[in-house]
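Here are my notes on the model you asked me to look over. Have the 3D view open and click along as you read.

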Amino acid sequence: MSLMMSLSRRVTAIALLSLMTACSSSSVPPPRLFVLSPLQVPPSGDHAVSGMTEILVAQTQVPDYLDRPQIVERTTSNELKLVDEDQWAERLSINVSRVVAQNLTTMVPADANVAAAARASLPYEFQVSVSLNNFELDQSGAAILEGRWSVTNAEGTKELAAANVSMREPAKQPGIAAAVEAMNANLGGVCRDIAAELKKLVAAGQPK
């Protein structure tokens, strides 16, 4: 009888532990998912040249510590904080590349076709590359962007335009949603600079 009671108590204890674990895990809300988005600007009406200009946006290069689901906050110059409750819906490198392509679609001449690397199927004339050293939130919650962009010929053997960039955009209000909007603004500023150079290159008949 005592053996049966002991087994019964063990089964009851295991069942209670399982129930408590299930309740504990179910009480944790799923993370909120965020994506960067293109700026809301009217498409360019410029027609710099006749005929279609094909532009490829290469996959953005970002540090491994940023190319993760969690949004990253910098608490000190050497310390980072991962925000588990607020995450990216996809890899940051892919998200940035797609948004750059979408922004350039509305910013460069109307007879230009811009595609991200993963969707490119036609031969192209220009290749846009973006490399980010920092693309995160600083200690105050402001968005920071540091890196370099370049425009090359299709083969990547001739650099036609390039610039180093460093931007800081304060969030309009507390919270990750506003911080992501500030990150959008930084990226949009980079895209404006790239688009301005692309317009010059297309008008000049580059690449040669």
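The points below cover the ground rules, one asparagine and then some salt bridges.

1. Ground rules. This is a predicted model, so local features need pLDDT of at least 70 and side-chain atom pairs count only at pLDDT 80 or more, while totals for chains, interfaces and linings use all residues. Residues are numbered from 1 along each chain as its sequence is written, and side-chain values use heavy atoms, with hydrogens and water left out.

2. Where N184 sits. Start with helix α3, which covers residues 176–203 and includes N184. Helices here are DSSP runs of H or I with at least four residues, strands are runs of E with at least two, and both are numbered from the N terminus. N184 is buried, at 4% relative accessible area. For that label, buried means under 20%, exposed means over 50%, and partly exposed is in between, using a 1.4 Å probe and protein chains only.

3. What N184 touches. Setting aside neighbours within four places in sequence, N184 is in contact with L36, S37 and L39 (contact means heavy atoms within 4.5 Å). With S37 you can look at particular atoms: a polar atom of the N184 side chain lies 2.9 Å from the backbone nitrogen of S37.

4. How many salt bridges does the structure hold? There are eight, each one a side-chain nitrogen of Lys or Arg within 4 Å of a carboxyl oxygen of Asp or Glu. One of them joins D67 and R91, at 3.0 Å from N to O. This pair links distant parts of the chain, 24 residues apart: D67 is in the loop between β2 (53–57) and β3 (70–74), and R91 is in the loop between β4 (80–88) and α2 (92–107). R91 is partly exposed, at 46%.

5. D138 with R168. In this salt bridge the closest N and O atoms are 2.9 Å apart. D138 counts as buried at 10%, whereas R168 is partly exposed at 49%.

6. K200 with E197. Here the closest N and O atoms of the salt bridge are 3.5 Å apart. Because the two are three residues apart in helix α3, about one helical turn separates K200 and E197. K200 is exposed at 52%, and E197 is partly exposed at 24%.

Methods:
Polar contact = N/O pair within 3.5 Å; in protein donor to acceptor, adjacent residues only side chain to side chain.
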